[in-house]
Amino acid sequence: MQYRLDPKSGNKLSILGFGCMRFPRNLSQIDLNKTEKLILKAIENGVNYFDTAYIYGGSEEAFGTILHKNNIRDKIFIATKLPYVKCQRYEDLDTLFHTQLERLHTDYIDYYLIHNLSDAKNWERLCEMGIKEWIAEKKDTGEIRQIGFSFHGTYDEFLSLLDAYDWDFCQIQYNYVNTHYQAGTAGLRKAAEKGIPVIIMEPLLGGKLANGLPQKAVSLFKNADVRLTPAAWAFRWLWNQKEVSVVLSGMNDDAQLNENLELADNSLPGMLTNDENKIYDAVTEAFRASYKIPCTGCNYCMPCPQNINIPACFSAYNMSYTVGFLSGIQQYITSTGSTNPNANHSPSNCIKCGKCEKHCPQHIQIRDSLNTVTKRMEPFWFKSALKLFVKLRG
């Protein structure tokens, strides 16, 4: 395992971090046995940075249970996040934080983040509430060791936030197709110039850079001299940059963990060749030509009051371009329940309430996008074909 220095604390952080949002599940419940095996194996192989959050359903509880059972709290750094949108008064800060400590079976957090802090206005609201004083108190008691923020917003807002407080670290969405999106490459470098460690989330763009690339992009990687999976290419691009401290990966099976561990053993800044960088440029061009809606499948927009599976609809729409219309329409029918008249959750049922857009970290115009999806995925013959299908099946 390679490690990079956190200059703020002196901690040596594993370049591969374990993202805990996508722990393996059995139906809706986290599979504790599988999760425990993955976590223990990751720690045994040098992973020491684990990232969870208050709103990752069951994640903090599961992770805390595993740490407590195996007595391994002191072997790792815990990163978790404050859901500041739930904070309406000063007392809420303590209430939420103590709940997290209980869930995680710990009395301190190594890396604590303000979750999804997208602009300076929201930081100012928290300051009026007294969050600076609260942070200072928690640092004095040792309950919080490092304070940072995770970011989904514009580049200008990122710069404003960097200068608004003496942060210990930050977390940004970043990958080879997002170099000019949100904080982007410029934001990464600006944070590094200030001596702030940068943690990377969405290195695979919700899995799309691993399993959802258009065929042209897949062929470009496959025909390269370096024979690696698309996911491996994505991680190497990030670790090639000295400004990147940790890359988070939501690993939920042994194959993903093993591949990432092997890569993290040998990845160093400046390792990519000019020819390899040209391949990334070509893959990015092919990707952008095919993907129409930049949804990462984070599910922050859910649940929808109309029970529309928004991420699945967007995924099917994008698949209709990247893989083919037939594959896309098959996923769309499954996602919307279109063959069941009593459970049809078509995006055409959207009531334009806008609840989803308030929570989207990608700032997608979801209501307009759902309308676009309906137009493509439900052509004039769609309902007639479904009726025929249901009749034949019945």
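Let's start with the aromatics. Trp 123, Phe 149, Phe 151, Phe 158, Tyr 165 and Trp 167 form one aromatic cluster. Rings of Phe, Tyr and Trp, taking the six-membered ring of Trp, pair if their centres lie within 6.5 Å. Planes under 30 degrees apart count as stacked, over 60 as edge-to-face, and the rest as tilted.

A word on the model. It is predicted, so local features need pLDDT of at least 70 and side-chain atom pairs count only at pLDDT 80 or more, while totals for chains, interfaces and linings use all residues. Residues are numbered from 1 along each chain as its sequence is written, and side-chain values use heavy atoms, with hydrogens and water left out.

Back to the rings. The structure holds 24 aromatic pairs. Take Trp 123 and Trp 167: they form a tilted pair, 4.8 Å centre to centre, with 55 degrees between the planes. Trp 123 sits in helix H4 (residues 120-129), and Trp 167 in the loop between H6 and S10. That is a link between distant parts of the chain, 44 residues apart. Helices (H or I, at least four residues) and strands (E, at least two) are DSSP runs, numbered from the N terminus. Both Trp 123 and Trp 167 are buried. Buried means under 20% relative accessible area, exposed over 50%, partly exposed in between, with a 1.4 Å probe and protein chains only.

Next pair: Tyr 174 and Trp 237. They are tilted too, at 5.1 Å centre to centre and 50 degrees between the planes. Tyr 174 lies in the loop between S10 and helix H7 (184-193), Trp 237 in helix H10, so this pair ties together parts 63 residues apart in sequence. Tyr 174 is buried at 0% relative accessible area. Trp 237, at 11%, counts as buried.

Now the barrel. Eight strands close it, in the order S3-S6-S7-S8-S9-S10-S11-S12, with parallel pairing. Two strands pair if DSSP finds at least two bridges between them. From one strand to the next, the twist averages 30 degrees. Axes here are lines fitted to C-alpha atoms, for helices over the stretch in contact, and angles run from 0 to 180 degrees between N-to-C directions.

Look at S8 and S9. Strand S8 (residues 109-114) runs parallel to strand S9 (residues 144-151), and five bridges join them. Tyr 112 has Ile 147 in S9 as its bridge partner. Helix H5 packs on the sheet, touching strand S7 (77-82), S8 and S9. Its direction makes about 140 degrees with that of S9. H6 also packs on the sheet, touching S9 and S10, at about 160 degrees to the direction of S9. Contact means heavy atoms within 4.5 Å.

On to the interior. In soluble globular proteins, nonpolar side chains tend to be buried together. A nonpolar core is a set of buried Ala, Val, Leu, Ile, Met, Phe, Trp, Tyr and Cys residues joined through side-chain atoms within 4.5 Å. Which residues touch the most other members of the largest core? Of its 99 residues, they are Tyr 49, Phe 50, Ile 114, Phe 149 and Tyr 176. Helix H10 (residues 230-239) gives the largest share of this core, eight residues. A second, separate core has 21 residues, including Ile 329, Tyr 332, Cys 350 and Phe 382. As for Phe 50, its contacts include Phe 18, Ile 39, Phe 63 and Phe 77, leaving aside residues up to four places away in sequence.

Last topic: charges. There are 18 salt bridges in the structure. Each is a side-chain nitrogen of Lys or Arg within 4 Å of a carboxyl oxygen of Asp or Glu. Arg 103 bridges to Glu 61, with the closest N and O atoms 3.4 Å apart. Arg 103 is in helix H3 (residues 90-104) and Glu 61 in helix H2 (residues 59-70), so the pair ties together parts 42 residues apart in sequence. Arg 103 counts as buried at 19% relative accessibility. Glu 61, at 33%, counts as partly exposed.

Lys 139 and Asp 168 meet at 2.5 Å, N to O. Lys 139 lies in helix H5 (residues 131-141), and Asp 168 in the loop between helix H6 (155-164) and strand S10 (169-173), so parts 29 residues apart in sequence are tied together. Lys 139 is partly exposed at 30%; Asp 168 is buried at 8%.

One network to finish. Salt bridges that share partners join Asp 94, Glu 137, Lys 138 and Glu 143. Within it, Glu 137 and Lys 138 meet at 3.9 Å, N to O. Lys 138 is buried, at 2% relative accessibility.
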